[in-house]
There are 2 protein chains.
Amino acid sequence: MNNVDGQEVLFPVVLPRELLEESGRYLSIGSELVRLKDRNEKGLVLAMTHEEAAVQLCKNSVSSYKQLPFMIYQIQTKFRDEARPRGGLIRVREFTMKDGYSFHNTQHDLEAYYERVYAAYERIFSRIGLKDFVSVKSDTGMMGGDIAHEFMSLTEVGEDEIVLCAKCGYRSNMEIAPAKHNYKNDKSGAPLKEIFTGELKEIGQICQGLKIKEEQTCKAVIFAVKGGDETVIAFARGDCEISEAKLKKVVKKDIVPWTGQDESIAAGNVGPVNLNVKKCTVVFDNSLTGASGLVCGANKSGYHLSGLDIERDVKVKEFFDIAKAKQGQQCSCGGTLKVERAIEIGNIFQLGVKYTKSMEMTVLDDNGKLQYPIMGCYGIGVGRALASVAQQSRDSKGLIWPAPIAPWKVHICALRTDDKVVSKKAHDLHDKLEKAGIPTLFDDRDASAGVKFADADLMGMPIRVVVSPKSLAADEIEISLRANGESKKTACKNAVKEIKATLKKLV
Amino acid sequence: MNNVDGQEVLFPVVLPRELLEESGRYLSIGSELVRLKDRNEKGLVLAMTHEEAAVQLCKNSVSSYKQLPFMIYQIQTKFRDEARPRGGLIRVREFTMKDGYSFHNTQHDLEAYYERVYAAYERIFSRIGLKDFVSVKSDTGMMGGDIAHEFMSLTEVGEDEIVLCAKCGYRSNMEIAPAKHNYKNDKSGAPLKEIFTGELKEIGQICQGLKIKEEQTCKAVIFAVKGGDETVIAFARGDCEISEAKLKKVVKKDIVPWTGQDESIAAGNVGPVNLNVKKCTVVFDNSLTGASGLVCGANKSGYHLSGLDIERDVKVKEFFDIAKAKQGQQCSCGGTLKVERAIEIGNIFQLGVKYTKSMEMTVLDDNGKLQYPIMGCYGIGVGRALASVAQQSRDSKGLIWPAPIAPWKVHICALRTDDKVVSKKAHDLHDKLEKAGIPTLFDDRDASAGVKFADADLMGMPIRVVVSPKSLAADEIEISLRANGESKKTACKNAVKEIKATLKKLV
C-alpha cells in the first residue's frame, strides 16, 4: 500500500449512526449491519467498511484540487453480522480487513490509479504464496459505483462461483456473467392443455412424473420485496438457476426468497398463463425467448399446463438476463464457459461520487468551481487470504507456509533437551536468530524426535533446524526445508549466516 | 512482552454475553459495558478487557500443571462506554490496549512473574521516552483480585491523583491512600444549638455566612445505591473529600452520587443528629473521631446545628477511612504526603482464581488433583502512553518524538522541489532510507523553507534532513536533531550511513 502512495490511518470500529445516515447506507444495508446504542441512547454501528469515515476524515482537511489525488488505508477489525458464518476464517463475523480509499479530481485519474492498485494486488497475492487466483469483474453491490473487480482464490471449497473462458480470457463473478442460451424448441405447435399433477410441485418431481427434461419446463421462482408486501416472480427454463443479483438489478428492489403465505399464489403450481397475483412484478428470463412445448404451473393447486408457447400464450414485453451462467454455455467469443468455485480474497471498486456527494465533500477545481472528489476503494480480507494460502499450500503432513507470511520463519527442534549442550546451543541459536530479526519458534519440550518432527511438519514453518547430541558431536546442526524436504548439515559457527542465506532464497 | 515469554494472540472485539455471565461481570459491570444483540437476538458485548476470553481460549487446551506457567498477550481495540470522554487520547471510548494474561500453578510463581512484568513495564515506559512516571499501588476495582499496581505518567493535565511521600518512597493511587488526620478540637463543651441558616446549603456558603473554617463543620455527602432505592450518607469534616472508591469498599455496594428527590432527606441540611432516612446506610469518616464544636445540618430545611460533639451527640459504632488523602497530611513514616496529578498508562493485577474458578478452568497438579490456575493480567493503554509522551516531550515549536516511537524517524525537507537535482537527490535519499528500514517522511510540497521547517518542528520527527540547491552545490546535505537543534553537513554519498549512525544513538 505504501508503494502505491498510500498513507496509513486508523478508523474506529464503532461509528456514529449519523455517518451512515448521510450516505444512506444506514437504511439500505440489511441486518449484516449491527446497530447498537450507547449509554445515552445515541445510535452507533459496528463498521462493515469505512467509506463514510474516510470522507468524514478528509472533508475538513481537503479543500483544493491541488491536494488530490491521495489514498489512505488501514488494517483493522470489521464486523458483519453474517447469517451463515462458516469455514474457519472464510466467512466470519469479525475479521481483519485491509481497506483503502482514494480521492481523485477526474475519472481518468481514478482509472489510472485503479490500475496501479490492481497490479499491486496481483503482486501481493503472488507474494503471499497464492498459486491459483484470478481477478474477475464483479457486481458493485452495497458499495455503489460502476466498475469493480474481485480477486478470487480458486478452491473446491470456495463459496463463490466464477465464470471463465479459456479461449478469450473472459473472467467474471457469477453475479454478472451473462448467460447465453441455445435451446432447441419443440415446433409441433401442441396446444395448451391442463394436466393433473397432484402433489408434484418441484421441477425434479414434475420431470420424473411426466418423463420430460428440465429444459422442457418453465419454472417460477418467487421473491418477496424487503420491507413490504410486494412479490417478484421470475420465470425461466427449468434447468436454469435464477441469479438474485441479476434480478435485483432488473427490478431495482431489494429482494429475498419468498417464504410467505399468500392464497393468490399457488406455490408449486405458479405459471405465466392467467397469473393473477396482487402487487407482483413478473420478470421473464432470456432462456424463455421463443420457447415452446413447455410444461408450466397452471396457477391452480394440483395442475400444470403442457404445450406452453411463450409467444402465443403469454404477452411478454421484454426478456431479461436473470439466470446464472452455466458450465458449457457458449462465451460471446465462441469459446466454452467454465464455472469454478473460489474464495473472494480482495476487491476493488470505482465508487464515483456516491459518498462525496451524499456527504457534501467538495474541493475547488482549477477554475474555482466546487467539485465532488471521485473515489475508489480497495479491500483485502486478511484472514481469508491467509486461509486461502493454507488451503493451497499443504501436503498430507500439514501446512507449508510460504516464507513471506510464515508466522515464524525458523522452527528449532532441540532433541534431548535434558542434554545441557543441546539445550545451550539451541537457546543460543534461538536468541541469535531473533536478534537478527528472524522470528523463530523453539520446540524445547521434553518430547521425542518423532513427536517434534511431526509437529514441525504439521505447523509448516519454512525452515526446520535440528539441534541434537549426534549432530553436535560433529559440531553441526541440520537445516531442512519444509516445502521439499531438502536438508543439509552446517557447522555451528555458520548457522545464523546459513539460515539467513536460506531464508533469503525463500522470500 | 516477548522478552517476558509472552505469546501473541488476538481475541475478538465482540464477545458473546455468556462469557461474561460465567464470570459474573455481565451483571457487575455498569453502563461502561456496551451490550448489544445480533440478528438472532443473541446477546453480545463489546469487550472492555479479555480475562474471560483468555480463560475460554486456554481452558480446552491446558489440562496439566506441566503446561503452566505461560502468558498470552494481544494489542487490540477495546471499547468502554465512558460517561465523560475527554482529552484527546486520554479518555476515549474506543482505544488500543496491550493486554496480557498469565496462568500459574502457585501464588508464589504468579508473584515472581508479576515482578518480571513490573520490571518490563518500567523498561517499556522509559524506552518510549516517558520522563516522569511512577508506579503506585492501586485499587483492583472491577478486575477483582488483591494486589494491583498502576503506572502513572505525571502531568498537570492528568485526571488521576496519586499520593507520594518523598521520605519513605510511599506511592499510591488516591483511591487507596490512607488519610491521616490531625485536627485540634474545640474543647469548650459548647451545647448543641439550632441556628437559622436559610438558603445557605453548601459548605462554602455556611463557612462564609458563619465565619468559620471548613474543618469546623461536619459535612454530609449522599450517594444512591445502584439499581435500588437505598441511599448511603457519608459524614466527614467539611475540609475532607469523600473517596467513592473507599466508601464502596466499606459499604460493599455499587454507589453513585445521589441525584434523587426524597422528602425524608433535607438536602443541604443533612446532619448526624436525629437523622431519620429510610433504607439508608450511614458511614462516619476517621476525620470525625473525637470531633467537637462543629456545625452540621439539622435535618430541617433552613437550619443547622452548632456545637456538635460527635461522642456526646451521636452514637457512632465505628469510624472508617473514607476520605481522600490530602497534600500536607502526615505519612505513616512521619514524612509529609504530596499529591500529584497523573495519567494512568498501565496497570498490572494479581487476579488469583476469580476467573478460572468461575469459568471452571482446571489443571491436574503433580498429585493428580484438580486445581484452578492462578492468574495475573497486565495492561498498557497504548494511546494514553503516546499522549503522555507528547505531553512531556515538546517545546514551543511543537512535538519532539523520542526516536523509539516516532512514526517516522527522518523528515526530509526538500527545498525548491522545482529544481530537478534537488528533487532527484531527495527522492533517491527517501527511497534508500526506506529500503534500509528507516521510516522516512518526505516533504515534497511546493512550499517555502520557512513553512517546511515550521511543519517539521511541529510534527517533531527526531532527525531532519535538508536537501537544498545550496547544500547540493557542495555535494552535501544537512542533518539536524529535533531535540537539541544540533546540525551538521554530510557528503551526499555518506548520507544514509550518517543518518543510520545518528539514529542508532537515539534509540
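Q: How many salt bridges are counted between domain 1 of chain A and domain 2 of chain A?
A: In this predicted model, the count between domain 1 of chain A and domain 2 of chain A is zero.

Q: What makes the two domains count as being in contact?
A: Contact means heavy atoms within 4.5 Å. Eight residues from domain 1 of chain A and five residues from domain 2 of chain A take part. The centres of the two domains, taken over C-alpha atoms, are 36 Å apart.

Q: What is found across the interface of domain 1 of chain A and domain 2 of chain A?
A: One residue pair is in polar contact, both at pLDDT 80 or more. On the side of domain 1 of chain A that touches domain 2 of chain A, five residues are nonpolar, one is polar and two are charged. The two domains bury about 430 Å² between them, with 40% of it on carbon and sulfur atoms.

Q: Why is the relation of chain A to chain B called that of a two-fold axis?
A: A rotation of 179° with 0.1 Å of shift along its axis superposes chain A on chain B, with an RMSD of 0.2 Å. That is the relation of a two-fold axis. The same surface serves both copies, since 100% of the contact residues of chain A recur in chain B.

Q: Which residue of chain A comes closest to the rotation axis?
A: A:Leu36 does, with its C-alpha at 2.9 Å.

Methods. Residues are numbered from 1 along each chain as its sequence is written. Chains are lettered from A and ligands numbered from 1 in the order in which they are written. This is a predicted model: local features need pLDDT of at least 70, side-chain atom pairs count only at pLDDT 80 or more; totals for chains, interfaces and linings use all residues. Side-chain values use heavy atoms; hydrogens and water are left out. Copies are superposed by least squares on the C-alpha atoms of residues with pLDDT of at least 70 in both. Domain bounds come from an automatic or database domain assignment. Buried area is the accessible area (1.4 Å probe) that two parts lose on being put together, summed over both. A salt bridge is a side-chain nitrogen of Lys or Arg within 4 Å of a carboxyl oxygen of Asp or Glu. A polar contact is a pair of N or O atoms within 3.5 Å; within protein, one must be able to donate a hydrogen and the other to accept it, and residues adjacent in sequence count only if both atoms are side-chain atoms. Ala, Val, Leu, Ile, Met, Phe, Trp, Tyr, Cys and Pro count as nonpolar, Asp, Glu, Lys and Arg as charged, and the others, Gly among them, as polar.
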